[in-house]
Amino acid sequence: MAKFVLIGSGLAGGLLAAYLGRRGYDVDLYERRADPREGNIVGGRSINLAISTRGIHALEQIGIANEALQHAIPMRGRMIHDKSGTLHFSPYDVDPKNCINSIGRAALNTTVIEAAQRYSNVHVHFNHKCTDVDLEAPTAQLETEHGNVTGHGDAVIGVDGAFSAVRKSMQGEIPSFHYDESYLAHGYKELTIPPGPDGSWRMEKNALHIWPRKSFMMIALPNPDGSFTCTLFWEFEGPRSFATTHSDDDVHRFFDEEFPDAVPLMPTLLQDFRENPTGTLVTIRCAPWFYRDKVCLLGDAAHAVVPFYGQGMNAAFEDCVALDECLEEFPNARERAFTEYFYRRKENADALADLAIGNFIEMRDKTASKAFRIKKKLDHVLEGALPGFYLPLYTMVTFTRIPYAAAARRARLQDRIVYCGFICLSVVLIVLLLRSMAH
Ligand SMILES: Cc1cc2nc3c(=O)[nH]c(=O)nc-3n(C[C@H](O)[C@H](O)[C@H](O)COP(=O)(O)OP(=O)(O)OC[C@H]3O[C@@H](n4cnc5c(N)ncnc54)[C@H](O)[C@@H]3O)c2cc1C
């Protein structure tokens with residue numbers, strides 16, 4: 001059996017190692033950080049994430065969905081907080097069973113790594129940082145506290161996130177490699193709403209909370225311990241931005257003006273704001289995601305997207321299923337398997353990147369408006385009236401496994417039909433009105 005060297009035991013790396021281990025491959029998984037079970041995982045990334053149908057399906061296929069989801073908190077819709085503190089709840093779907101789930105990154109990462117380690121042919125090596133990959137060999141150079149070592153295998157897979165070292169080696173060695181990165185003008189900072197004195201949630205537990213403020217927003221996802229993790233998405237530069245907010249007074253003034261209902265729930269606001277890092281939001285598109293039968297990219301290493309559709313990890317998990325299927329279809333032709341995997345996933349990753357940026361505008365700006373709430377209600381009415389024919393875009397992306405690109409195309413077509421329908425209906429009504437006035 002072939003041997004795979006995987007770089008990165010984040011969310012997708014752990015899951016992919018489990019899939020490859022199940023298929024009988026030898027796997028050496030190298031991770032630059034310490035073992036997450038030693039409590040050293042988050043390192044500036046989101047503490048919790050929303051997992052939905054695509055991600056859950058990938059966990060189910062390897063038999064760990066129940067284990068992973070045991071502490072997840074279902075979120076049935078968006079709870080919109082306007083500036084006066086008034087709340088509006090907008091369900092995610094017409095079917096109340098369809099919800100997204102807030103799940104802790106650390107716990108999920110541990111679950112996928114432990115799933116991989118159940119296969120005796122998978123070996124995980126923490127504190128090994130990949131510095132370079134020789135694509136032809138293929139080998140990975142790894143830095144450890146005891147010196148440098150080389151990881152040997154039949155193929156190296158880069159599952160090392162948005163700033164992938166494996167992808168960097170491909171950029172350096174493949175002249176035709178296409179690479180594009182684009183950063184939003186916004187950064188993000190995580191803040192905390194701790195549990196109430198009795199350990200309970202101080203806002204609606206089963207919702208994703210949004211404070212939409214046109215050019216920026218704050219969101220909050222529930223955690224099992226009764227707390228919420230809030231994320232402020234705000235401009236880096238500008239008259240009111242991360243750059244101009246330095247003193248505690250500046251921070252308090254901004255939060256009092258914009259999020260007055262949240263401030264009393266955030267006793268550590270000033271400390272969180274000062275001490276927590278400000279993250280960047282990057283979209284990465286590259287091609288190809290493989291080099292012959294020797295190197296391949298998966299997850300954020302291949303296609304990092306901004307987090308506003310809550311799909312980056314879900315898409316990375318879907319990649320694991322797709323690569324596993326391709327390796328099954330072409331067991332003796334790894335280059336063919338990598339090629340198929342790339343072509344099946346690339347247009348979907350590109351579509352998701354566009355959808356994710358579009359959803360930022362929807363979340364921070366449109367969710368605050370009555371028009372948005374009416375549109376969502378209309379979506380649900382149409383979905384109920386035309387089952388199987390009309391599916392809102394959010395539903396297709398979040399609660400089905402329709403490929404992202406097909407979902408985006410179908411949503412555009414549905415919108416055109418609905419708009420045409422409205423125009424025709426309006427014309428008919430006007431004609432009827434004019435005729436009745438003429439009589
Ligand atoms: C603020 C925020 C909120 C998000 N919310 C959601 C959400 O709600 N739902 C969702 O689906 N997605 C969400 N995402 C996206 C999600 O976090 C990523 O898509 C997901 O983590 C990708 O998994 P990955 O395994 O490809 O990469 P990562 O999770 O980044 O894992 C990469 C791993 O590789 C390791 N590594 C990196 N470089 C090296 C190296 N040189 N050598 C060895 N190891 C290395 C890292 O330490 C890490 O363990 C969010 C992202 C952000 C930033």
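The shell around the ligand gets its largest share, four residues, from α9. Keep in mind that this is a predicted model, where local features need pLDDT of at least 70, side-chain atom pairs count only at pLDDT 80 or more, and totals for chains, interfaces and linings use all residues. Numbering starts from 1 along each chain as its sequence is written.

Around the ligand sit 34 residues, of which G8, G10, G161, G299 and G312 come nearest; a residue counts as near if its C-beta atom, placed from the backbone, lies within 6 Å of the molecule. Two or more shell residues come from each of α1 (11-22), β3 (48-51), β9 (129-134), α8 (300-303) and α9 (312-329). Helices here are DSSP runs of H or I with at least four residues, strands are E runs of at least two, and both are numbered from the N terminus.

Here's the shell by class:

| Class | Residues in the shell |
|---|---|
| nonpolar (Ala, Val, Leu, Ile, Met, Phe, Trp, Tyr, Cys, Pro) | 14 residues |
| polar (the others, Gly among them) | 13 residues |

Of its 439 residues, 42% are buried, meaning 20 or more other C-beta atoms, placed from the backbone, lie within 10 Å of the residue's own.

Key
Buried ≥ 20, exposed ≤ 12 C-beta atoms within 10 Å, placed from the backbone.
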